[in-house]
Amino acid sequence: MKILVLPKPIEGVSREEMLQHADAEIRAVWDLYAQGVCRELYTRANEPARVVLVLECATVEAAKDALATLPFARLHLIDFDVIPLAPFVGLTRLFQTAN
């Protein structure tokens with residue numbers, strides 16, 4: 001299952017505090033990528049300091065477990081919007097015949 005992940009800093013956490021742990025965070029995300037869990041990662045075009053991840057996990061719970069291993073999460077510096085994705089089937093209307 002593809003899962004869209006929108007990391008969001010926890011209110012009151014300073015950018016400086018996050019930067020102290022940024023190298024460890026990047027390495028941990030790379031580990032998830034190498035394991036096949038993190039399939040895509042992007043920088044937001046409108047907010048370059050923020051990222052978007054696409055995970056491949058069997059369940060939302062498995063995705064949350066993987067995210068919990070990240071240093072920012074373990075240190076309670078960040079939270080996540082975790083959004084399961086499904087194929088868009090609305091295009092099938094193009095191929096239906098009118099009765």
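Visitor: What pattern does the chain follow when read along the sequence?

Guide: In this predicted model, the chain runs β-α-α-β-β-α-α-β. It holds four helices and four strands.

Visitor: Why is arginine 44 called buried?

Guide: Arginine 44 has a relative accessible area of 18%. Buried means under 20%, so arginine 44 is counted as buried. This residue lies in strand β2, which covers residues 38–44.

Visitor: Which residues are in contact with arginine 44, leaving aside its neighbours within four places in sequence?

Guide: Arginine 44 is in contact with Leu6, Pro7, Arg50, Val51 and Val52. The word contact is used because heavy atoms lie within 4.5 Å.

Visitor: How much of the chain counts as buried?

Guide: Of the 99 residues, 30% count as buried.

Visitor: What makes up the largest nonpolar core?

Guide: This core has 24 residues. Those with the most contacts inside it are Ile3, Val5, Leu53, Leu55, Leu67, Leu70 and Phe80. Two or more residues come from each of β1, α2, β3, α3 (60–67), α4 (71–74) and β4. The group is called a nonpolar core because its members are buried and joined through side-chain atoms within 4.5 Å.

Visitor: With which residues is leucine 70 in contact, leaving aside its neighbours within four places in sequence?

Guide: Leucine 70 is in contact with Glu25, Ala28, Val29, Leu32 and Phe80.

Visitor: What is the volume of the largest pocket, and which residues are the closest to its centre?

Guide: The largest pocket has a volume of about 590 Å³. Of the 21 residues that line this pocket, Met18, Glu25, Ala49, Val51 and Phe72 are the closest to its centre.

Visitor: Which elements supply at least two residues of the lining, and which gives the most?

Guide: At least two residues each come from β1 (2–9), α1 (15–20), α2 (22–34), β3 (47–56) and β4 (78–84). Helix α2 gives the most, with five residues.

Visitor: How many residues of the lining are nonpolar, polar and charged?

Guide: The lining of the largest pocket has 17 nonpolar, one polar and three charged residues.

Visitor: Among contacts between residues at least 6 apart in sequence, how many join residues at least 24 apart?

Guide: Of these contacts, 66% join residues at least 24 apart.

Key
Residues are numbered from 1 along each chain as its sequence is written. This is a predicted model: local features need pLDDT of at least 70, side-chain atom pairs count only at pLDDT 80 or more; totals for chains, interfaces and linings use all residues. Side-chain values use heavy atoms; hydrogens and water are left out. On a 1 Å grid over the protein atoms alone, a cavity is a set of points where a 1.4 Å probe fits but cannot get out, and a pocket is an open set with protein on both sides within 12 Å along at least five of seven lines; lining residues have an atom within 4 Å of a point. Grid points are joined across faces, edges and corners, and a volume is the space filled by probe spheres set on the points. Ala, Val, Leu, Ile, Met, Phe, Trp, Tyr, Cys and Pro count as nonpolar, Asp, Glu, Lys and Arg as charged, and the others, Gly among them, as polar. Buried means under 20% relative accessible area, exposed over 50%, partly exposed in between (1.4 Å probe, protein chains only).
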